[in-house]
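Please look over the sequence and the model below before reading on. The briefing that follows begins with the whole chain and then turns to a few places along it.

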Amino acid sequence: MSNDRILLARIGAPHGVRGEVRLFVFADDPDSLKRYKPLTDEAGKRVFKVKALRPAKDHFVARIEGVDTREAAEALTNQGLHVSRDLLPEPEDEDDFYHADLIGLAAVTTEGAPFGKIVAVHDFGAGDIIEVAPEGGGKTLMLPFTKAVVPTVDIKGGRVVVDPAEWAREEAPPPDADQG
């Protein structure tokens, strides 16, 4: 994924039969989806315009220009809405950043040893997760993007410090939580 386009929202399943969609917004200000133009797919080829937006229980409901049927809404399921990075404001301080800024950063342990490289940032609904390709190769690891697990983010230095804990290591036995 390129860092020149920033994901602001992802379209979910249709809402109703008239072309509305569930919309999961990642921007601080959901109304910004109506202001930033153009909103596009990740490649910047297809343009989307949010005509209406209203809050729902754990998402928003949106009307996208040109999407008037449930079938048209279904065709957009999982489509990301991106904006060119140069249209967004710069982060206000060094502790602020866009998730896209994390992609490609080196991950090092709290002791400074190489751990891997961040290849993706996910949000499956229970908080952000960073996906790290291990230094020595193998399966990627999913780590919660919390202060406890990622105590330091150094965008300018090109790295994050991770404290993955034993549960993140493939060879570690499962936690003893089930033993009473």
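The protein is built with 2 helices and 13 strands, and the model shown here is a predicted one. Of its 180 residues, 35% count as buried.

**The chain as a whole**

- The protein exposes about 11,000 Å² of surface, and carbon and sulfur atoms supply 50% of that area.
- When contacts between residues at least 6 apart in sequence are considered, 49% of them join residues that are at least 24 apart.

**A patch of negative charge**

- On the surface, the residues Asp28, Glu92, Asp93, Glu94, Asp95 and Asp96 gather in a patch of negative charge.
- One of the members of this patch, glutamate 92, has its place in the loop that lies between strand 7 (80-84) and strand 8 (106-109).
- Glutamate 92 has a relative accessible area of 77%, and because exposed means over 50%, this residue is classed as exposed.

**Two backbone features to look for**

- As a background to both features, most residues other than glycine have a negative phi, and most peptide bonds are trans.
- Lysine 37 and proline 38 are joined by a cis peptide bond, with an omega of about -5°.
- Proline 38 is found in the loop between helix 1 (32-35) and strand 3 (39-40).
- Asparagine 78, a residue other than glycine, has a positive phi, with a value near 75°.
- This asparagine 78 sits in the loop between helix 2 (70-74) and strand 7, and it counts as exposed because its relative accessibility is 54%, where the cut-off for exposed is over 50%.

- Once its neighbours within four places in sequence are left aside, glycine 104 is in contact with Lys117 and Ile118.
- Glycine 104 and glycine 158 are separated by 54 residues in sequence, while in space they are 8.2 Å apart, taken from C-alpha to C-alpha.

Definitions and conventions. Residues are numbered from 1 along each chain as its sequence is written. This is a predicted model: local features need pLDDT of at least 70, side-chain atom pairs count only at pLDDT 80 or more; totals for chains, interfaces and linings use all residues. Side-chain values use heavy atoms; hydrogens and water are left out. Patches are made of residues with over 30% relative accessible area and no salt bridge: like charges are joined within 9 Å, nonpolar side chains (Val, Leu, Ile, Met, Phe, Trp, Tyr) within 5 Å. Accessible areas come from the Shrake-Rupley method with a 1.4 Å probe; for residues, only the protein chains shown count as cover. A salt bridge is a side-chain nitrogen of Lys or Arg within 4 Å of a carboxyl oxygen of Asp or Glu. Lys and Arg count as positive and Asp and Glu as negative; His and the chain ends are not counted. The place of a charge is taken as NZ of Lys, CZ of Arg, CG of Asp or CD of Glu. Helices (H or I, at least four residues) and strands (E, at least two) are DSSP runs, numbered from the N terminus. Buried means under 20% relative accessible area, exposed over 50%, partly exposed in between (1.4 Å probe, protein chains only). Contact means heavy atoms within 4.5 Å.
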